[in-house]
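This report covers a sheet and a set of salt bridges. The sequence and structure come first.

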Amino acid sequence: MRTLGVIGGLGPMATAFFMQMVIEMTEADTDQEHIEMIVYHCPSIPDRTSYILGESKKDPEKPISAIGRKLAEDGAEIIAIPCVTACCFYERLSEKIAAPVINLIDETAQYLEDQNINTAGLMATDGTRKSGLFQSALQAKGIQVVLPKEDTQRDIMHLIYQNVKAGRPIEMERFERASEELREKGAQVILLGCTELSMIRRDEKIGAGYLDVMQILAKSAVEQCGTLKKNYQQLITQ
């Protein structure tokens, strides 16, 4: 069993839910059989999307790297970052952190390929969308990516920032409208490509055909650090 380091606080609720996922996914009969986790909860890290879009000059990669180095020094052997937009800094983080950092984008692409998915819709932040990381990784696997229209993308950002991050009730009509549009464009599966959207899957009845990418992160973390329960091989909602 290896020790998992978690760079948390991006956002706070997503970090807590990620830890719950890891615990629930781990095959363990006693406390002692669960995965050791070192968690650094740092919500003061600058907003990733604002930096990527050029709306802020505060580079979030520097504090994320510093936390990753501290985790490695404290004994973390694998690093997980429950924030999809932070994947935009993956190459820089990997160069600066001694412990391996889980590549959430690549793990998601591989999972979709293994599930024989041909077309996936993407719900994500403006920063993740602009980076093109999901688009490139999935297209490399022969998977087409469909994106929401600009006004629908605004709905998704509203859900992430004005609902989940702000601790307010989820406006499900916005979520359902975005889902319907992506289905009409041919999406077999809709990626909940922001860890804040995981909260919607947790708290609301969203139906079938969604893949929560934070579950992919948790699954990879458990597989690399402990033993995964067999019933967590299938993660697309039914």
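Four strands form an open sheet in the order S5-S4-S6-S7, with parallel pairing. Strands here are DSSP runs of E with at least two residues, helices are runs of H or I with at least four residues, and both are numbered from the N terminus. Two strands count as paired if DSSP finds at least two bridges between them. The edges of the sheet are strand S5 (144-146) and strand S7 (210-212), each of which pairs on one side only. On average, neighbouring strands of this sheet are turned by 30 degrees against each other, direction ignored; the axes are lines fitted to C-alpha atoms, for helices over the stretch in contact, with angles from 0 to 180 degrees between N-to-C directions. Three bridges join S5 to strand S4 (residues 119-123) in the parallel sense. Thr 119 has Gln 144 in S5 as its bridge partner.

The model is predicted: local features need pLDDT of at least 70 and side-chain atom pairs count only at pLDDT 80 or more, while totals for chains, interfaces and linings use all residues. Residues are numbered from 1 along each chain as its sequence is written, and side-chain values use heavy atoms, with hydrogens and water left out.

A salt bridge is a side-chain nitrogen of Lys or Arg within 4 Å of a carboxyl oxygen of Asp or Glu. By this rule there are 13 salt bridges. The table lists some of them.

| Salt bridge | N to O distance |
|---|---|
| Glu 61 and Lys 96 | 3.1 Å |
| Arg 174 and Asp 155 | 2.7 Å |
| Glu 171 and Arg 174 | 2.9 Å |

The salt bridge between Glu 61 and Lys 96 links distant parts of the chain: Glu 61 lies in helix H3 (residues 61-73) and Lys 96 in helix H4 (residues 90-96), 35 residues apart. Buried means under 20% relative accessible area, exposed over 50%, and partly exposed in between (1.4 Å probe, protein chains only). Glu 61 is buried at 0%, whereas Lys 96 is partly exposed at 40%. Both residues belong to a network of salt bridges that links Asp 59, Glu 61, Arg 92 and Lys 96.

Arg 174 meets Asp 155 in a salt bridge. Because Arg 174 is in helix H9 (residues 172-184) and Asp 155 in helix H8 (residues 150-164), this pair ties together parts that are 19 residues apart in sequence. Asp 155 is buried, with a relative accessible area of 8%. Arg 174 also meets Glu 171, and Glu 171 is partly exposed at 22%.
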